[in-house]
Amino acid sequence: MAVFEGTFTQDTSSLKFAIVIGRFNDLITTKLLAGCQDCLKRHGVDTNPHGTNVDYVWVPGSFEVAMVARQLALSGRYNAIICLGAVIRGQTPHFDYVASEAAKGVAAASFQTGIPVVFGVLTTDTMQQALERAGIKSNLGWDYALSALEMSSLMNQLRGEVATKSVFPVKEEGLLPAQSHD
């Protein structure tokens with residue numbers, strides 16, 4: 001049996017990322033973006049918007065992030081997509097709808113395309129909580145970029161393993177059926 005884990009020691013010069021950023025609550029999202037860029041840069045990724053490693057896509061808000069992330073993932077140009085946004089609870093149920101659909105959409109984009117799509121949309125009760133997560137106490141943008149780096153490495157390993165040999169037992173007409181434990 002084998003153990004697969006993403007690493008942070010890979011050569012990042014050939015990795016391609018897209019970062020999708022919601023403009024709504026940009027006081028928060030620009031801070032998340034700065035943390036994300038700092039992490040990528042410290043791991044050897046050229047974060048210059050005119051460079052070849054990272055593309056930046058701004059969308060109106062967190063609700064629109066998933067649709068654009070899916071489109072970018074379908075292009076096949078990226079090792080990972082990082083989605084940044086902030087949804088802060090207000091006096092209406094709007095928060096619940098936007099937060100829920102953003103999370104479902106980002107997950108669906110990843111599942112449907114096989115490309116890691118990192119959910120970096122803060123969902124907080126207050127602006128203070130969002131600020132704490134975007135730089136006052138820590139910057140989760142860093143963590144989202146780290147997840148993208150790790151998942152890029154892991155998926156490259158898994159794709160390489162599948163290309164060289166199947167990780168699933170195979171018989172002539174296809175995969176072996178699951179064994180019953182009755």
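Guide: A nonpolar core is a set of buried Ala, Val, Leu, Ile, Met, Phe, Trp, Tyr and Cys residues joined through side-chain atoms within 4.5 Å. The model here is a predicted one.

Visitor: Which residues touch the most other members of the largest nonpolar core?

Guide: That core has 26 residues, and Phe17, Ile19, Ile28, Leu40, Ile82, Leu84 and Leu122 touch the most other members. At least two residues each come from strand 1, helix 1 (26-42), strand 2, strand 3, strand 4, helix 4 (127-133) and helix 5 (140-164). Helix 1 gives the largest share, six residues. Apart from this core lies another, of 16 residues, including Ala18, Val59, Ala109 and Ile115.

Visitor: What does Phe17 touch, not counting residues up to four places away in sequence?

Guide: Among the residues Phe17 touches are Leu40, Val45, Tyr78, Ala80, Ala148 and Leu149. Asn53, Asp55 and Ser152 are also touched by Phe17.

Visitor: Why is Cys36 called buried?

Guide: Buried means under 20% relative accessible area. Cys36 has 0% relative accessibility, so Cys36 counts as buried. Cys83 is also at 0%, and therefore buried.

Visitor: How do you know that Cys36 is too far from the closest cysteine sulfur for a bond?

Guide: A disulfide needs two cysteine sulfur atoms within 2.5 Å. The closest cysteine sulfur to that of Cys36 is in Cys39, 7.2 Å away, so the pair is too far apart for a bond. By this rule the count of disulfides is zero.

Visitor: Why does Thr123 count as partly exposed?

Guide: Buried is under 20% and exposed is over 50%, with partly exposed in between. Thr123 is at 40% relative accessibility, so Thr123 counts as partly exposed. Thr123 lies in strand 4.

Visitor: What is Thr123 in contact with, leaving aside its neighbours within four places in sequence?

Guide: Thr123 is in contact with Val87, Phe95 and Ala99, those neighbours left aside. Ala99 and Thr123 are 24 residues apart in sequence, and their C-alpha atoms are 6.5 Å apart in space.

Visitor: How do you know that the span of helix 2 agrees with its 13 residues?

Guide: The expected span is 1.5 Å times one less than the number of residues. For the 13 residues of helix 2 (residues 62-74) that should be 18 Å; the end C-alpha atoms are 19 Å apart, which agrees. Just after helix 2, Gly76 has a positive phi of about 75°.

Visitor: Which residues of helix 2 are buried?

Guide: Ser62, Val65, Ala66, Val68, Ala69, Leu72 and Ala73 are buried in helix 2. The buried residues of helix 2 pack against strand 1 (17-22), strand 2 (54-59), strand 3 (80-88), helix 3 (94-113) and strand 4 (117-124).

Key. Residues are numbered from 1 along each chain as its sequence is written. This is a predicted model: local features need pLDDT of at least 70, side-chain atom pairs count only at pLDDT 80 or more; totals for chains, interfaces and linings use all residues. Side-chain values use heavy atoms; hydrogens and water are left out. Helices (H or I, at least four residues) and strands (E, at least two) are DSSP runs, numbered from the N terminus. Buried means under 20% relative accessible area, exposed over 50%, partly exposed in between (1.4 Å probe, protein chains only). Contact means heavy atoms within 4.5 Å.
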